Amino acid sequence: MSFGKEYTNAVEAKQIAQQMAERAKFHVEQAIQEKRGAIVLAEGEAEAARLIGQAVRENPAFVELRKLEAAKAIAKRLGSDGKGMYYLDSDNLMLDVSSAGTAMPSPKK
């Protein structure tokens with residue numbers, strides 16, 4: 001049994017339309033997931049900013065701790081590339097210890 005050419009074309013067109021509808025549905029679902037992800041990310045960043053602000057208000061030494069952590073990360077990164085030695089002053093490592101009000105012992109001579 002064979003079907004007419006028009007019937008075969010109609011079946012193919014229907015299949016193509018179904019595939020396009022499925023593809024469009026997938027794109028909509030993907031966009032919804034991306035939107036949800038962006039919202040969750042923004043909420044997380046807002047909460048992190050709130051917690052950091054609270055930590056700074058409650059303990060100003062938190063900023064110094066973050067500076068030290070950043071300096072440690074910079075020093076580790078520079079030391080891991082194996083291209084020689086680097087000598088950086090505290091300003092380059094974001095350590096302005098003189099303005100922090102903390103007393104640092106002077107180097108012994």
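User: Why is the contact between the side chains of R50 and E47 called a salt bridge?

Analyst: A salt bridge is a side-chain nitrogen of Lys or Arg within 4 Å of a carboxyl oxygen of Asp or Glu. The N to O distance for R50 and E47 is 2.6 Å, so the pair meets the definition. Please note that this is a predicted model, in which local features need pLDDT of at least 70, side-chain atom pairs count only at pLDDT 80 or more, and totals for chains, interfaces and linings use all residues. Residues are numbered from 1 along each chain as its sequence is written, and side-chain values use heavy atoms, with hydrogens and water left out.

User: What separates R50 and E47 along helix α1?

Analyst: R50 and E47 are 3 residues apart in helix α1, which means a separation of about one helical turn. A helix here is a DSSP run (H or I, at least four residues), whereas a strand is a run of E with at least two; both are numbered from the N terminus.

User: Why does R50 count as partly exposed?

Analyst: Buried means under 20% relative accessible area, exposed means over 50%, and partly exposed lies in between (1.4 Å probe, protein chains only). R50 has 43% relative accessibility and therefore counts as partly exposed. E47, at 35%, is also partly exposed.

User: How many salt bridges does a search of the whole structure find?

Analyst: The search finds 3 salt bridges. One of them joins the side chains of E64 and K67 at 3.8 Å, N to O. E64 and K67 are 3 residues apart in helix α2, so about one helical turn separates them. E64 is partly exposed at 23% relative accessibility, and K67 is partly exposed at 25%.

User: What makes the meeting of E69 and R66 a salt bridge?

Analyst: The side chains of E69 and R66 meet at 4.0 Å, N to O, and are counted as a salt bridge. E69 and R66 are likewise 3 residues apart in helix α2, about one helical turn. E69 is partly exposed at 44% relative accessible area, and R66 is partly exposed at 42%.

User: How do you know that α1 and α2 meet, and which residues are involved?

Analyst: Contact means heavy atoms within 4.5 Å. On the α1 side are I52, A55 and V56, and on the α2 side are F62, V63 and R66. By class, this contact has 5 nonpolar, no polar and 1 charged residues. Ala, Val, Leu, Ile, Met, Phe, Trp, Tyr, Cys and Pro count as nonpolar, Asp, Glu, Lys and Arg as charged, and the others, Gly among them, as polar.

User: At what angle do helix α1 and helix α2 pack?

Analyst: Helix α1 (residues 5-58) and helix α2 (residues 61-80) pack at about 120°, with their axes 6 Å apart. Axes are lines fitted to C-alpha atoms, for helices over the stretch in contact, and angles run from 0 to 180 degrees between N-to-C directions. The secondary structure of the protein comes to 2 helices and 0 strands.

User: Why is Y87 called exposed?

Analyst: Y87 has a relative accessible area of 71%, and the label exposed requires over 50%, so the label applies. Y87 is found in the segment after α2.

User: What share of the residues in the protein is buried?

Analyst: Buried residues make up 3% of the 109 residues in the protein.
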